[in-house]
Each structure stands twice: as C-alpha cells, then as structure tokens.
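Hi,

Here is the structure I promised to pass on. Have a look at it first, and then read my notes below.

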Amino acid sequence: MTKYIFVTGGVTSSLGKGIISASLAKLLQARGYRVTIQKFDPYINIDPGTLNPYEHGECYVTEDGAETDLDLGHYERFLNTPTSKANNITTGRIYQNVINREREGAFLGKTVQVVPHITDEIKRNMRILGESGDYDIVITEIGGTVGDIESLPFVEAVRQFKWEVGSSNALVIHLTLIPFLAAAGELKTKPTQHSVKMLLEYGIQPDILVCRTEHHINMDIRKKIALFCNVNINAVIESMDASTIYDVPLLMLKEQLDKTVLTKLKLSLKNEPNLDTWKDFLGRLKNPTSEVKIGLVGKYVELPDAYKSIIESFIHAGAKNECKVRVQYIPSEHLTVDNAVDKLKGLHGVLVAPGFGERGFEGKIEAIRYVRENNIPFFGICLGMQCAVVEFGRHVLNLKDASSTEMNPDTPNPVIAMMEDQKSVVNKGGTMRLGAYPCDLKKGSKAALAYGTTHISERHRHRYEFNNKYLKDYEAAGLTPSGINPDNNLVEVVELKNHPFFVGAQFHPELKSTVANPHPLFINFVAASLAYARKK
C-alpha cells in the first residue's frame, strides 16, 4: 500500500515547506523508494496561470501542460522526475469540481457542504497519485499556514485521511519557527507550541516537527518542544538556515529525518541513501574556479521568484562549468536607447526573460540590439526570443515598424503574430500553447550541438509565434530558424550566424533543468559567457 506524508506549516509562511518536502523526497528516493510530491494550494484561483508573478512568483508548467505552483519546480529539480497536473491542486479546482458535479445532479438534491463534499473531493485528489501504482510514498504539501481560514478544509481532510488509512500509513510533518530574540539572547519555543496547539485544536497530532532556526537547537530545547508538543525527542528535527537550498537534503540526513519517517511508516530502512552525484554537484557549486556576470533583463526583476527556474538553471549550469554565475537583475522598462550601453556594460552575457504585455518590451529590444552589435553572448527565452526577432527585423531588415501583434495589433509588419487557433479564444486561463511539444533542430546548429541530438521536446507557455511569412527574409539576412516544430512548422529556435552565442528559444528550457541534468542550452550559454569574460 502507498504511504502518505503530509507537510503543514505554522507561525509564518515562506518557512520552506517545499524545500523540506523535496529534500525528504530526495533522501527517500536515494534509499530506493519511488516518491512523488504534490502541492495543495488554498487560494481560489483555478491555477497559478492567471496570477501576476508579483503575487505568486513564477508559474511552473509541467510536461502535460498544467500551470502550477513554483514549488513543483523544486520537486522536479531535486527528484529529476517530471510532475503533472495531478501534483498541484487549488481550492478553486476543488470547488469547481464539486460545483460541476452538483450541476450534473451527482448529489441527488442533497445540501452540498464543506464537510463531507469538499473534504471528500480533497481526499480524492490526495489519493490520485497513490492509486496510480507508480509510487511507494506520496508527500503532500499543504500551502499556507495552519489557522488560515482558506486552509481549514485541507487540514480537516488530512485529519480524516489519516484516521481512515491508519497511523502507520500516513504521518504529518509540521514545519514551524524557533525565532532567536536578540534582546533576550535566546531561542524561543512558544511560537512552535502555539502552532502545534492550533493543529491539535483541528484534531491533528503532528508526528514530526521540523523547526526552522538561525541557531542550533540544544538538547534542552529539543526536550522542551517534545514535552509540550507531545512528540518523541527524535521527532524534533532542526532545520538550520543553509547557504544554498541544495544543502538541505544533507542537513536532513544528518538529522535522520528519513529514518524517523520510515520507522513511523513501518517501512524498511533499505540501504543507506546514495547521494554521491548530489555531493559531487555541491562540491562543484561551492568551489568554482571562475566567475561570470550575466544580466537578466525582465519586467518582474524586483521579485526574483518570478524567474525562479531561470536562476536555478544558472546554478546547475554554473556548477557544470565550475563557474559562479552572478546574476545582475536589470528592469527592462528602465532601458532606453540612451542608457542601454551604461546599464549593460561589464556584463559577460545577457538573458532576456519571458513575460507578457507591453511594459518593458522596448527595453528588451534595446538590450538585444546592444548584445547583437557588440558580440556579447545572448539567450532569449519565449518573449525574449520574440524580442530578438523584432529587433532584427527593425535594425537589420529595416522593417522600421516591425513588432508583435501582442504589443501593437495594427503593426504593418507583424513579425510575431498570434497563432490562428488562438484568435477565437476569449478566456485567459489555460488557452495558450502549454506543455511539451517536439522540435527538430538543424544539423550543425548551435542548438543541435548543445543538445547532442536533432530531436528534442520542450515545454511551452505562449500565444504568439514567429510569423512564417517573413521566414525567408530572416534566413537570408542571417537569423537562422534552427528549430522547427515538425507538426505545425512553427519556428521554435532562432540563432545568429557569426556570433559567439545568440540563441532565442520559443519554449522554456529552464523548466527542464535539474541537479542531475542541467539544461544543455544554459550550460552552453554560461560556457560562451565564460569564454567572453576570459577574452576581456
């Protein structure tokens, strides 16, 4: 039978439930268990696809085209296994399912209530991955903090679930905070006690407490927490602030979190976890032999979480190149013809980030013009690729008014235009080209050499495409369409001849970069930036 682990949080948000879940999963996977993680988010949006990145960070897209929470990115980067739409459920999705069934008459005229109808739907979703037969252990992260009004149905569903399957088949890990009060010069356990007390009020006794702290927790504090929170002393786990999230699995191994979990679930400890590859990655990450400065040009740079997967991809690719990547955030709306040179000088490479809407569009074009004319390595992702096409159209093909119909619907030269099948769509949610699509790369192209193959599959999230009416003009002028979708002939990759590295990808390569498999385009972009830095 599949075993279930639930991870809840208390005291404050952003304690790192996602990283703890991913780290535990990594340790269990390294012991030979088949593990997956799902995230249940209490907000009422159907999915994060329509949320502003300032609200919720980046929207992570899975292979099957689900727009999900950015924590799923951590799950994939740690476990190196793809997630799906079953791995992220929101309150909105739960209520939508229940209301749709009510409209169809499934409840036979009964009053539809939070208990049992909403909680039953939550439990049904908790079981989907466990019943697939693909996993020994399913970890479910409950978003928000205990005590939030919106997360109450989820907490109640966990209580019922645990009661139904029995204590040896499900356990609850509660993540909490042990703050250090500088004035008193000591760590305080009261916030943790109150958080557990609130969980107990909802009928859940946590099995394990993971305590986030800036200072080591001594044995006296562990005993105090164990006594007041009614857990075994070995179930009080210290989670110290780490210099990198990739340290956390090793910190949890030291705290024997995986052993405690397996013992409570009555599972065999099997062999010791094999973390050789992970340690090798950490060794290279922490001991770089060189450094590069790469500019990230985007419109959401005030919140780095909006580009979480890109930043992590740089960490993976940097470690592969034994090189520290220093990312410099550049707000695209502050870039103009007059200041682009000043704002971008000193950089060894520039990545123009994805995004939607007109704000910062012209700034991205100025950045691309500067790197193209000065032979500085360039990498454009999604809108970044489209900006490269517009910039080339304006300044090389002399199509002065070239643009994307997203920014200027009346442009006489729509070098980027909406896909035909998108023109009739009115609803915004889930209407784009989403998820994995195949792409054929031209032999000998930079992209094909990076991947080491001419057939790839990458994830998408966009509505607008390269306009094939202009294809021959671009190719003749030197911007080569080096990646084409074999099914619909759409341009996926463009690259510039006679340039150290100038690649634009319509897809999102950052979504597939993991610790075990850093993305080849990022590896090559960082390598090109490193070569440029050494020449200077």
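Predicted model: local features only at pLDDT ≥ 70, side-chain atom pairs only at ≥ 80, totals over all residues.

R394 and E362 form a salt bridge, with their closest N and O atoms 2.8 Å apart; by salt bridge I mean a side-chain nitrogen of Lys or Arg within 4 Å of a carboxyl oxygen of Asp or Glu. The two sit 32 residues apart, R394 in helix α15 (residues 383-395) and E362 in helix α14 (residues 361-373), so distant parts of the chain are linked. Helices (H or I, at least four residues) and strands (E, at least two) are DSSP runs, numbered from the N terminus. R394 is buried at 13% relative accessibility, while E362 is partly exposed at 42%. The cut-offs there: buried is under 20% relative accessible area, exposed is over 50%, and partly exposed is in between (1.4 Å probe, protein chains only).

Residues are numbered from 1 along each chain as its sequence is written, and side-chain values use heavy atoms, with hydrogens and water left out.

Back to the charges. The structure holds 37 salt bridges. One of them joins the side chains of R93 and D47 (3.9 Å, N to O). R93 is in helix α4 and D47 in the loop between β2 and α2 (53-56), so this pair ties together parts that are 46 residues apart in sequence. R93 is partly exposed, with a relative accessible area of 23%, whereas D47 is buried at 14%.

Then there is E67 with R461, whose side chains meet at 2.7 Å, N to O. E67 belongs to strand β4 (residues 67-68) and R461 to strand β19 (residues 455-462), so here the parts tied together are 394 residues apart in sequence. Both E67 and R461 are buried. You'll also find a network of salt bridges linking K39, D41, D69, D71 and E141.

Now the sheet. It is open, with 7 strands in the order β5-β2-β6-β1-β7-β10-β11 and parallel pairing; strands pair if DSSP finds at least two bridges between them. β5 (88-90) and β11 (236-240) are at the edges with a single partner strand each, so one side of each has no neighbour in the sheet. From one strand to the next the twist averages 20°. β10 (residues 208-213) and β11 pair in the parallel sense over 5 bridges, and V210 stands opposite I237 in β11.

Two helices to look at on that sheet: α4 touches β2 (35-41) and β5, and its direction makes about 70° with that of β5. α5 touches β1 (3-9), β2, β5 and β6 (137-142), at about 155° to the direction of β2. Contact means heavy atoms within 4.5 Å, and axes are lines fitted to C-alpha atoms, for helices over the stretch in contact, with angles from 0 to 180 degrees between N-to-C directions.

Finally, N467. Where is N467 placed? N467 is in the loop between β20 (464-466) and α17 (471-477). N467 is buried, with a relative accessible area of 11%, and touches P414, V415, I416 and A417, leaving aside residues up to four places away in sequence.

Cheers
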